[in-house]
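Student: Hey, can we go through this protein together? I'd like to start with a single residue and then zoom out.

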Amino acid sequence: MTLTSGRFIDHEYDRMIVRFSMHDGAREIPCAISTSAMDYLEHGPQVRPEQREAQFARLRERIEACAATKYRATEFEGTPPGIVLRGIDFRP
């Protein structure tokens, strides 16, 4: 099945990640992206913590496309299993 957009959950400053979800039908898939990966995608300086949600919104299409690729490849991590994106996932 194809993944669809879910929701922005939060920015975890201590872990330097942004948590979000995607959906496979009715099933919610937990996802996360490192803040350094988002900064890499924008090719700019690190944004402030209060700007992370807006940054995620700007990059959402690219982030979700990468998450969908990892989902199809069944590259799950953690408990409960989810998708984790890092800068290396966006490098050619």
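Student: Is T69 buried, partly exposed or exposed?
Tutor: T69 is partly exposed, because its relative accessible area is 43%. Keep in mind that this is a predicted model.

Student: Where does T69 sit?
Tutor: T69 is in helix α2. Take P30 as a reference point: T69 and P30 are 39 residues apart in sequence. Their C-alpha atoms are 15 Å apart in space.

Student: Ok, zoom out. How many helices and strands are there?
Tutor: The protein has two helices and four strands. Along the sequence, they come in the order β-β-β-α-α-β.

Student: What about the overall dimensions, what box do the C-alpha atoms fill?
Tutor: Along the principal axes, the box is roughly 35 × 30 × 20 Å. The radius of gyration is 12 Å, which agrees with the value near 12 Å for a compact globule of 92 residues.

Student: And how many of the residues are buried?
Tutor: Of the 92 residues, 38% count as buried. The accessible surface comes to about 5600 Å². Carbon and sulfur atoms account for 52% of that surface.

Student: Which residues have the most contacts inside the largest nonpolar core?
Tutor: They are F20, I33, M38, I63, I83, L85 and F90. The core has 20 residues in total. β2, β3, α1, α2 and β4 each give two or more residues to this core.

Student: Which element gives the most?
Tutor: That's α2, with seven residues.

Student: Let me pick F90. What is it in contact with?
Tutor: Leave aside its neighbours within four places in sequence. F90 is then in contact with I33, A37, Y40, L41, R62, I63, C66 and L85. Two of those, I33 and I63, are also on the list of residues with the most contacts inside the core.

Student: Now α1. Which of its residues are buried?
Tutor: T35, A37, M38, D39 and L41. The buried residues of α1 pack against β1, β2, β3 and α2.

Student: What is D39 in contact with?
Tutor: Skipping its neighbours within four places in sequence, D39 is in contact with G44, P45, Q46, V47, R52 and Q55.

Student: V47, noted. Which residues is R58 in contact with?
Tutor: R58 is in contact with E42 and V47, again leaving aside neighbours within four places in sequence. R58 lies in helix α2.

Student: How far is R58 from L3?
Tutor: Their C-alpha atoms are separated by 19 Å. Along the chain, R58 and L3 are 55 residues apart.

Student: On to charges. How many positive and negative side chains are there?
Tutor: There are 13 positive and 14 negative side chains. The centres of the two sets lie 2 Å apart.

Student: Change of topic: backbone angles. What is the phi of M16?
Tutor: It's positive, about 55°, although M16 is not a glycine. M16 lies in the loop between β1 and β2.

Student: Is M16 buried, partly exposed or exposed?
Tutor: M16 counts as partly exposed, because its relative accessibility is 43%.

Student: And what is the phi of T74?
Tutor: Phi of T74 is near 50°, again a positive value in a residue other than glycine. T74 lies in the loop between α2 and β4. With 56% relative accessibility, T74 counts as exposed.

Student: What about just after α1, what phi does H43 take?
Tutor: H43 has a positive phi of about 55°.

Student: Last one. Which residues does the cis peptide bond join?
Tutor: It joins T79 and P80, with omega about 0°. P80 is in the loop between α2 and β4. T74 lies in that loop too.

Note on methods:
Residues are numbered from 1 along each chain as its sequence is written. This is a predicted model: local features need pLDDT of at least 70, side-chain atom pairs count only at pLDDT 80 or more; totals for chains, interfaces and linings use all residues. Side-chain values use heavy atoms; hydrogens and water are left out. The radius of gyration is taken over C-alpha atoms; the globule rule is 2.2 Å times the number of residues to the power 0.38. Buried means under 20% relative accessible area, exposed over 50%, partly exposed in between (1.4 Å probe, protein chains only). Accessible areas come from the Shrake-Rupley method with a 1.4 Å probe; for residues, only the protein chains shown count as cover. Lys and Arg count as positive and Asp and Glu as negative; His and the chain ends are not counted. The place of a charge is taken as NZ of Lys, CZ of Arg, CG of Asp or CD of Glu. A nonpolar core is a set of buried Ala, Val, Leu, Ile, Met, Phe, Trp, Tyr and Cys residues joined through side-chain atoms within 4.5 Å. Contact means heavy atoms within 4.5 Å.
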